[in-house]
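Keep the sequence at hand.

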Amino acid sequence: KFVLIPLGVVIVFTLIYQLANPVFDEMMQHFWSHFGDFIAHFFRYFSVPRILFTILGMIFSGAVLLYCGINYFSAADGRQSNFLKRKARVKQPLLYKTPDGQIIKRINTKTFSFMGLKHENIMGIITLALLNALLLLLNVLDVQYVWMQKAYTVGNINYASLVHKGTGFLIASIILSMLVLIFIFRGNLNFFKQSKTLKYLAIVWILQNLFMVMSVFMRDWYYIQNNGLTYKRIGVIVYLCMTAFGLMSMLFKIIKTKSLYFLLRVNSWFALFMLLLMSAFNWDYMIADYNISNRNNMEIDDSYLLSLGNAALPLLYENENTFTQNSFTKQILQYKADQF
């Protein structure tokens with residue numbers, strides 16, 4: 001209300017004054033023309049998505065700090081434990097007295113029962129047994145068609161389809177797998193003496209998911225070897241590293257009876273670590289260097305190399321005759337150099 005309302009009023013009166021005074025109208029047209037040129041030149045050197053993303057982050061961070069306070073999240077985090085605690089079986093009186101003096105029979109006299117945990121354990125065993133069998137079939141296919149590289153000679157299956165169509169869904173399935181395990185091992189079932197079989201099945205399922213992560217990594221690696229390095233293919237490896245760490249932390253949670261807050265803490269720290277680590281490399285230069293150095297062994301997209309940032313420009317300019325195949329590509333490279 002401090003910006004939009006005054007700005008709207010000023011715009012309305014500006015339009016009215018332009019209609020009423022030709023000299024003012026001509027002056028405003030010159031102003032907007034120069035302002036438009038300034039904006040056009042400004043966004044040639046600054047990324048609009050990055051500016052908007054930065055503004056969005058500032059708005060979100062400011063709102064959180066103003067509404068919750070600086071100590072809100074640290075205080076909330078400090079109240080939570082990394083370990084699950086067994087909920088004691090609480091027996092309540094069969095009869096209780098209401099405020100108006102009536103004696104009423106209580107319907108539920110305990111928070112949970114042994115049979116409830118037993119049924120939940122059986123349900124979890126059946127679910128994980130079926131999921132393990134299904135995932136085993138998928139991993140056997142990956143061994144045959146990915147690790148032994150038979151998939152790339154069958155029908156229309158190729159590296160691109162395996163990476164682009166399969167990777168996202170496989171990572172999503174792994175995340176869904178972790179959510180299923182979080183639901184199963186959310187409470188007293190962790191302390192149930194007859195849940196050893198369930199825990200073994202959960203461990204096997206996690207290990208199978210880790211194997212599937214390796215299979216997805218192999219797909220991406222073969223794709224890089226045949227089609228070169230790109231930001232998205234690097235991103236796939238980053239996501240796989242974070243997914244693998246999430247699976248290992250889930251394995252640790254089940255074995256050591258950790259809480260959900262433990263998972264949130266360690267995975268948040270690892271995600272921050274990965275972001276800091278990946279920001280420490282000059283990826284534009286490394287991508288250009290890798291693709292140009294291995295040009296004879298793979299299919300390189302020249303247009304992608306030309307789309308890289310200015311950090312790769314010296315290397316591209318130095319190897320102009322190596323990767324440019326036509327005059328148009330050379331013109332684009334020269335234009336990028338001139339602009340720089």
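The chain has 14 helices and two strands. Both are DSSP runs numbered from the N terminus: helices are H or I with at least four residues, strands E with at least two. This is a predicted model, where local features need pLDDT of at least 70 and side-chain atom pairs count only at pLDDT 80 or more, while totals for chains, interfaces and linings use all residues. Residues are numbered from 1 along each chain as its sequence is written, and side-chain values use heavy atoms, without hydrogens and water.

Of the 340 residues in the chain, 31% are buried, meaning under 20% relative accessible area (1.4 Å probe, protein chains only).

The largest nonpolar core has 27 residues. Such a core is a set of buried Ala, Val, Leu, Ile, Met, Phe, Trp, Tyr and Cys residues joined through side-chain atoms within 4.5 Å. Among those with the most contacts inside it are Leu-128, Phe-185 and Met-250. Two or more residues each come from α5 (114-147), α6 (159-184), α7 (196-227), α8 (231-256) and α9 (260-278). The largest share, nine residues, is from α7.

What does Met-250 touch, leaving aside its neighbours within four places in sequence? Met-250 is in contact (heavy atoms within 4.5 Å) with Met-178, Leu-181, Ile-182, Ile-206 and Leu-263. A second, separate core of 21 residues includes Met-274, Trp-283, Leu-315 and Leu-333.

Finally, a helix pair. α7 and α8 pack at about 170 degrees, with axes 10 Å apart; axes are lines fitted to C-alpha atoms over the stretch in contact, and angles run from 0 to 180 degrees between N-to-C directions. So α7 is roughly antiparallel to α8, a label for angles over 145 degrees.

Note on methods:
Buried < 20%, exposed > 50% of the residue type's maximum accessible area, 1.4 Å probe, protein only. Parallel < 35°, antiparallel > 145°, perpendicular 65-115°, else oblique.
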